[in-house]
Amino acid sequence: MRGALYLLLLVTAFGSGCANYKATALPILQPEFAPYSEDHNDVTVACKAFSAYECKRYLGRNVLAKGYQPVQICIQNETKAYLLLSPQSLNVPLAPPEDVARYVHTSTVGRALIYGVPGLIIWPLLVPAVADGVGSSQANQKLDADYSSKGVNETVIQPYTTLNRIVFVPKSEFNGAFRLTLLDKETRGKLTYEVRLPAGG
């Protein structure tokens, strides 16, 4: 009886550590509170470099520890123009969101082995091994989708809307300064912002 109770407690304890992905939605970065903000012709850009705490809160993982500096970019377009934002809008190298996501994935195989190897001797541990393997895979899928939705791809900022995204700059390339250029799709005119930020981490 004691043996069965011990196994139950062991399985429960292991199961409570199952992989998951939880991240909060990005708040709109208000220009008056942003480390950097600038307005050109009623188009306001606000930027902020994430700290380790903000990485964990809004990205579910400390991507700073993996060598990437996330920078939040919030663009308020109070004009009739259609503005283009893309990774090429910044004059610093950016890591694609899907690449960063892969670097911070939970190791599905590794976590399954934690339970699976002891499970060859203590068979009830095979149950959390399977459950955690599935949970880890699902967490990684959620992470991929979230990073993709929060990251910058080629995007058109509609008139009178706000775009709120994140770019991932390799830490080795981040000194807090970069140029951001928005392109008017119709006139081909450009709006240029010289961003200066303190490092977040």
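Visitor: In what order do the elements of the protein chain run from the N terminus on?

Guide: The order is α-β-β-α-β-β-α-α-α-β-β-β-β, which comes to five helices and eight strands. Helices (H or I, at least four residues) and strands (E, at least two) are DSSP runs, numbered from the N terminus. This is a predicted model, in which local features need pLDDT of at least 70 and side-chain atom pairs count only at pLDDT 80 or more, while totals for chains, interfaces and linings use all residues. Residues are numbered from 1 along each chain as its sequence is written, and side-chain values use heavy atoms, with hydrogens and water left out.

Visitor: Why is T44 called buried?

Guide: Buried means under 20% relative accessible area, exposed over 50%, and partly exposed in between (1.4 Å probe, protein chains only). T44 has a relative accessible area of 14%, so it is buried. Of the 201 residues of the protein chain, 44% count as buried.

Visitor: What makes strand β2 largely enclosed by the rest of the structure?

Guide: Strand β2 (residues 43-49) has six of its seven residues buried, so it is largely enclosed. T44 lies in this strand.

Visitor: What does the side chain of T44 make a polar contact with?

Guide: The partner is the side chain of D39, at 2.8 Å. A polar contact is a pair of N or O atoms within 3.5 Å; within protein, one must be able to donate a hydrogen and the other to accept it, and residues adjacent in sequence count only if both atoms are side-chain atoms. The value of 2.8 Å is within 3.5 Å. T44 also touches other residues, among them P31, C74 and Y193, where contact means heavy atoms within 4.5 Å.

Visitor: How many bridges does β2 have with strand β3?

Guide: β2 and strand β3 (residues 68-77) pair over seven bridges, in the antiparallel sense. C47 stands opposite I73 in β3.

Visitor: Why are the buried residues of α2 said to line one face of the helix?

Guide: In helix α2 (residues 52-59), E54, C55, Y58 and L59 are buried. Seen down the axis of α2, they fall within an arc of 105 degrees, so they line one face; the arc is that of the directions from the helix axis to the C-beta atoms. On the other side of α2, Y53 and K56 are exposed.

Visitor: What makes β5 and β8 edge strands of the open sheet?

Guide: The sheet of four strands has the order β5-β4-β7-β8, with antiparallel pairing. β5 (155-157) and β8 (190-196) each have a single partner strand, so one side of each is left without a neighbour in the sheet. Seven bridges join strand β7 (residues 177-184) to β8.

Note on methods
Two strands pair if DSSP finds at least two bridges between them. Lists of a residue's contacts leave out its neighbours within four places in sequence.
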